[in-house]
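Please keep the sequence and the structure open while you read.

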Amino acid sequence: MVEERTYDFRAVEREWQRRWEREGIYAAADDDPRPKYYVLEMLPYPSGDLHVGHAKNYTLGDAIARIHRMCGANVVHPMGWDAFGLPAENAAIQRGTEPEAWTRENIRNMQRQVRLIGTSYDWSRELATCDPEYYRWNQWFFIRLFEQGLAYKREAPVNWCPVDRTVLANEQVENGCCWRCGAAVERRNLAQWFFKITDYVERLLAGLDRLDGWPDRIKAMQRNWIGKSEGVTFAFDVENVDAQIDVFTTRVDTVFGATFVAVAPEHPVVAKIIERMPKSRNRIETFIASIANKSELERTQLMEKTGVPTGAYAVNPLSREKIPIWVTNYVLAEYGTGAVMGVPAHDERDFDFAKKHALPIAQVITTPDGSLRAPLTEAFVDDGKLIASGEYIGMKSANARRAIAARLEAMGRGKITVNYRIRDWLVSRQRYWGTPIPIVYCERDGAVPVPDEQLPVLLPKDVQFTGQGSPLANDESFMHTTCPRCGGPATRDPDTMDTFVDSSWYFVRYLDAHDTAQPVDRRVASAWLPVDQYIGGAEHAVLHLLYARFFYKFMVDSGWIEGDDEPFTRLFNQGTLLYNGEKMSKSRGNVVGIDDTVERYGVDAMRLFLLKAAPPEDTLDWTDDGIIGRVRFVARVWRAAEPLTRAASTVPLDRLPEMRGEAQRELVRALHVALASGLSETETHRFHYNVTTAKLDELVNLLTAALRAPGAEDDPAILYTVHALPIVLAPFAPHLADELWSRMGYERSVHVERWIEPDPAALAVDEITLVVQVNGKVRARIQAAPGIGEDDAFALAVREPTVSAQIDGKQIRKRIFVAGKLLNIVAA
Ligand SMILES: [Zn+2]
Ligand SMILES: [Zn+2]
């Protein structure tokens, strides 16, 4: 009997995982008539080992999937591997391993670990982006984009290592030097492929307005990245030089305050000025050489803004004033027109630049009451009233913008334009471990797409990884081919695609992962999509999510998916995980691994801890004490429920049991409170299962107490609660739940059972009203259970906006609690 009562989590968890796998209970059928629910966690990179930070993400998605499944949805919950990328290639260069072998080995290990944590994935849909049966369709879509003019080639700068004669990724450049040989990295222009995401920019913006289920912060970051601004593009003449300089501004109302024009070193006017004024050549070329190797990020954000005067002057088209033209590091040729007007009085960056280089600061906007007057101690960037602006003096900024734009248009010097910060998506990578670009070059026909029936263009095996040059370009047998159009000799494109292409549509391919005839079955894809709930880190706020939205719109346009053109209805960003307050990292040596944790504490305890320790969007601090607490909880459940499993199974769950007294009523209520919490946390998309699991604690405490009363073994309320316990535990502690359930005599897994609808009759209680004060002032009145304790009362109180508004950002000095009446929070 003693053995029976000790819960052997290792054996139980292993056994249930085997059974779930064998019975395929998490496989989703495409033709299931129940309402669909698609829950997705961002596809992981197979770096080698999972740690508990990954488990936090997957446990959350898993709990959501399990609750939806138990509430009657046809849930699809797939998993796969973002398998291409730089680390495999770096490992190949450093350790001589094959990128493919290294990647497959990591995938195998992570497949095992993802199963080990008790997740309910539908493995029949698994994919790895390095599978030819996957990347073949990357190539197929590339060609479709190419045919529509949405994939095109042009020169763009890359990081170049002159010693290794190879292109480096930004992350391979360390302090301006090659990660491998330490040589100073240069900037070089190279012909590269782009996807024309800028054609979709208005739809990408409009779509954001509909995404009510996305965090506002992420939508703001996407809008900012797209960077739409409306303004005027107009031309300055250049004195004594046959050239014009176009500038774009959103603040044409400040045009009379322009005191210089700043141009990019690459701007064509620079060469013309040098030609007219040979004396300035030396100064300009020395400056340009000093910034030639700097990346865009360094130039625009990290370096001090600097420049040199060219000696030439621009003529302001309205004031006819002559202002100096400067070559600067912070204006980029690739953005806008490659030139900007400098208005120090009304732009912070220009103000700093003018101060440093002793350029005039001419105020042309004042506050509406006219009180702000020169000298300015900082840029005045708000709208206001125009001064020192010719015929526009006295106008408000907004009106002046319209009037001046109209004037410039009438003069034939300007036009109203919309500008975007986003640029086309550079997809070429001069690397091996990625999707080969399916284009060949023929002397007669130029760039020719590989015919669909010849796809995939396979990555060659047995490639040399010397770290020098491009591995594919060095591979003669790969490079030489015949032109599909004329049959003459041709060479392949030596580049591979950005791995963000792989992750832009994997969630579509999951739905028909092994289709050999097409990227996805239209009917199947349209039935499952869009993704109902996407879960992942906020670090993907911009690139991945923007690229995936673009790709999806293209797929909708091409008829592959019917319906709305936004792929992710809801997005949830989970918080990160710390270990004793520190970031987990290999270099700190404080990574808490999955294997160890599961072996020592068990999967269910780990899952419960990850869900309970903090709301999912918050940072979670992993502590050994915390997880030991959950190990005890699992044991407590087992001790309380297991001996009664047989008896409990005879008490029906479809109606409330006989409740002999207040203790029974409280017990059954605690059960229904937990059921209601699991449901509402899911339905509201808050996913605060930390609250639900805390309710489970309360429930199990009450159960343990109730079991001490005489006659407990045949008390209907107790037996009913024990019977229902596996159901309410199932999303959070799936193994323990199934073990208890099977001991009740059930053949089917609890994970295919229905959630119990919380019963209002069970939930009804006489509530008390608790007055909440902050610093002695009444801020809220809350309804609470009669016996509520101080901690619970405090937790409820701070959920009231009127209370949290008073204490946010302050320290709680003291709490005064009068049971059943009052909670006073002293905060300062
Ligand atoms: Zn190098
Ligand atoms: Zn040809």
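Val241 sits in the loop that joins strand S10 (229-238) to strand S11 (244-249), where strands are DSSP runs of E of at least two residues and helices are runs of H or I of at least four, both numbered from the N terminus. With 9% relative accessibility, Val241 counts as buried, a word that means under 20% relative accessible area, whereas exposed means over 50% and partly exposed lies in between (1.4 Å probe, protein chains only).

Leaving aside residues up to four places away in sequence, Val241 touches Lys272, Ile273, Arg276 and Met277, contact being heavy atoms within 4.5 Å. The C-alpha atoms of Val241 and Leu719 are separated by 94 Å, and the two residues are 478 residues apart along the chain.

Asp445 is partly exposed, at 22% relative accessible area, whereas Cys483 is buried, at 3%.

## How the model was read

This is a predicted model, in which local features need pLDDT of at least 70 and side-chain atom pairs count only at pLDDT 80 or more, while totals for chains, interfaces and linings use all residues. Residues are numbered from 1 along each chain as its sequence is written, chains are lettered from A and ligands numbered from 1 in the order in which they are written, and side-chain values use heavy atoms, with hydrogens and water left out.
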